[in-house]
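Here are my notes on this one, as promised.

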Amino acid sequence: MVTRSLICSSLRLRFSQVSKTAPRIAGLDDFGDEDVSDALGRYLAACSRQSELNILGRMATSWDAACLLANLLRMRASEQADPSILSREIEKPIFVMGLQRSGATLLRRLMLTDAANRAPKVWETMHPVPETIDAVDFRPARAARMLRAFAPRMAPDAAGASAPDADKIGRAHV
């Protein structure tokens, strides 16, 4: 008899697998001098051992890790194409963090009413490196497709519910 734990244990999260997927996603393979294998390998091993993820959770974690590595490859390529990126100054960034129900979302929304403040949209957090062809940026549409495809799998009982909006302001949950 095949059990849930047997199936999940066979879907180990491994850096070697994720590191093969990322170059296919990005179309690039130069990670440069940065070695993320140890840190990401430890993270994936901890997810495998400690998180009790179901099959979908393991697949999503593996995909997210591969997408993060693909973003690293794209950032590396952008830095090589334009080294001045690394010397651009970011003035007074603001990070809003808080526990659930602590008012962090209210504070963030209040701060965004000031035109001098800006937060990344969901598609910008998913695809931070610009990718344009003929001045058309395909990242918003790609993020929207991914969200539409993934939402029914995350909440199969919510048939007919709309997928998350890629154009909304993004939020990180830790």
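What pattern does the protein follow, read along the sequence?

1. Reading along the sequence gives α-α-α-α-α-α-β-β-α. In total, the secondary structure comes to seven helices and two strands. Keep in mind that this is a predicted model.

2. Some whole-protein numbers before the details. The protein has 174 residues, and 24% of them count as buried. It exposes about 12900 Å², with carbon and sulfur atoms supplying 57% of that area. If you take the contacts between residues at least 6 apart in sequence, 65% of them join residues at least 24 apart.

3. Now for the inside. The largest nonpolar core has 13 residues, and V18, A22, L40, L44, A65 and L69 are the ones with the most contacts inside it. Helices α2 (15-26), α3 (37-50) and α4 each supply at least two residues of this core. The largest share is that of α4, with six residues. Another core, of six residues, lies apart from this one, and V122, W123, A143 and A166 are among its members.

4. Leaving aside neighbours within four places in sequence, it is in contact with F15, V18, S19, A22, F31, V36 and L40. Of these, V18, A22 and L40 are also listed, like L69 itself, among the residues with the most contacts inside the largest core.

5. Helix α4 covers residues 55-81, which makes 27 residues. From its first C-alpha to its last it reaches 39 Å, close to the 39 Å expected at 1.5 Å a residue. At the start of α4, a side-chain oxygen of N54 comes to within 3.1 Å of the backbone nitrogen of L56.

6. The length of α3 also checks out: its 14 residues should span 20 Å at 1.5 Å a residue, and the end C-alpha atoms are 19 Å apart, which agrees. Which residues of α3 are buried? They include L40, L44, C47 and S48. What covers the buried residues includes α2 and α4.

7. Two backbone angles to look at. Most residues other than glycine have a negative phi. Where is E52? It lies in the loop between α3 and α4. With a relative accessible area of 69%, E52 is exposed.

8. R101 is the other angle on my list: its phi is positive, about 65°, although it is not a glycine. Its place is in the loop between α4 and α5 (104-111). Is R101 buried or exposed? R101 is exposed, at a relative accessible area of 87%.

Key. Residues are numbered from 1 along each chain as its sequence is written. This is a predicted model: local features need pLDDT of at least 70, side-chain atom pairs count only at pLDDT 80 or more; totals for chains, interfaces and linings use all residues. Side-chain values use heavy atoms; hydrogens and water are left out. Helices (H or I, at least four residues) and strands (E, at least two) are DSSP runs, numbered from the N terminus. The expected span of a helix is 1.5 Å times one less than its number of residues. A polar contact is a pair of N or O atoms within 3.5 Å; within protein, one must be able to donate a hydrogen and the other to accept it, and residues adjacent in sequence count only if both atoms are side-chain atoms. Buried means under 20% relative accessible area, exposed over 50%, partly exposed in between (1.4 Å probe, protein chains only). Contact means heavy atoms within 4.5 Å. Accessible areas come from the Shrake-Rupley method with a 1.4 Å probe; for residues, only the protein chains shown count as cover. A nonpolar core is a set of buried Ala, Val, Leu, Ile, Met, Phe, Trp, Tyr and Cys residues joined through side-chain atoms within 4.5 Å.
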